[in-house]
Amino acid sequence: MAEHSHPTPKLYAVIVSCLFAGTILTVFAATWELHIFNPIVALVIATTKATLVILYFMHVRYSSRLTKLTVAAGFFWLLILISLSLTDYIPRILQLLR
Amino acid sequence: MSTSQTTTTEHHPALAHQFDDMAQQQEASTFGMWVFLLTEIMMFGGLFTAYLIYRLKYYDAFVGGSSSISIPWGFANTLVLIGSSFTMAMAVWAAQKGKRTAQVWFLIGTMVLGAAFLGVKAKEYYDKYDECHIPGHVIGKGFNAWGGCEAKNPKLGNIADEIRERDPKVPETSAVQTAKRTEIFFSFYFAMTGLHAFHMVIGLGLLGWLVMRARRSEFGPDYFTPVELGGLYWHFVDIVWIYLFPLLYLINRVGAKPL
């Protein structure tokens, strides 16, 4: 437990400011005409915010390798769930891009 | 309790006998909590996947439904929930540092922000009720997004008109057709935000329990696992909302006023 030194309040304040900024940015980005990139930008911002929460608020950055592996396995499984369910749609989307 | 060991037999009262020391106990608890959270990820993941498939199939209806939800309220609620994650993280920090008073107040602050979130959510649900946007015909006046809803402001509930206002080239019949299909969007809206709100209610219960234990000075530098795990749960619920906000409120707002 000794090496699990948790972040300081100052770092938490920086993280929460980034999360607020990301929320403001995602609202404005939704009103810009970015065509196919609108949903991509929204998801990139959301994923960045989620990563900050996981790494700092949830202390995964300071956790053991077992915890890191567990978290990574969860998100890997989620990707399988989403991508295999979309196997019918992915080729059609790629066709649209051609 | 074994007293035959030559090393000290004095140990923390919270240490369960199957663990060597507090660090091992905390590691096991954290691992167990994350395994639980993975099942939560898969449960919400199923909803997100279904949402994605229907969004690809009925994109226009999803845009129409999404545009009828209030950005300012959703935006404010996102800030409130992120703020509550911050106070929760601070509560864990205070517990670890043995600052009892600060810890209790950070936990209470988290509860206040969580309750504020649920209050705003209730207001948004009521608006949807008033606008006849609740799917099905059991609750309220029945689903009607193409006119004829006796809302306080009947304009708000008419998604067919909204669609034609944004793009006058859309024929009326197809705008009405799209408005009828927003029912599937609202089904996802209520299922996803409802399951999320249900998690918030459970979280408030957990926080209340943590406040009581914190007041009894049960947590300190050696033992703060319940606060840490409560925090993991609360932050997980925050992450779900971080995705729900853009996916439900901001599907396509091109040209709209941001706030």
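**Two histidines and a helix pair**

Modeller: A:His35 lies in the loop between helix 1 (9-31) and helix 2 (37-57) of chain A; helices here are DSSP runs of H or I with at least four residues, numbered from the N terminus. This is a predicted model, where local features need pLDDT of at least 70 and side-chain atom pairs count only at pLDDT 80 or more, while totals for chains, interfaces and linings use all residues. Residues are numbered from 1 along each chain as its sequence is written, and chains are lettered from A and ligands numbered from 1 in the order in which they are written.

Colleague: What is the phi of A:His35?

Modeller: About 55°, a positive value although A:His35 is not a glycine. Most residues other than glycine have a negative phi.

Colleague: Is A:His35 buried or exposed?

Modeller: Exposed, because A:His35 has 7 C-beta neighbours inside 10 Å.

Colleague: New topic: at what angle do helix 6 and helix 7 of chain B pack?

Modeller: About 130°, with the axes of helix 6 (residues 159-166) and helix 7 (residues 172-215) 8 Å apart. Axes are lines fitted to C-alpha atoms over the stretch in contact, and angles run from 0 to 180 degrees between N-to-C directions.

Key: Buried ≥ 20, exposed ≤ 12 C-beta atoms within 10 Å, placed from the backbone.
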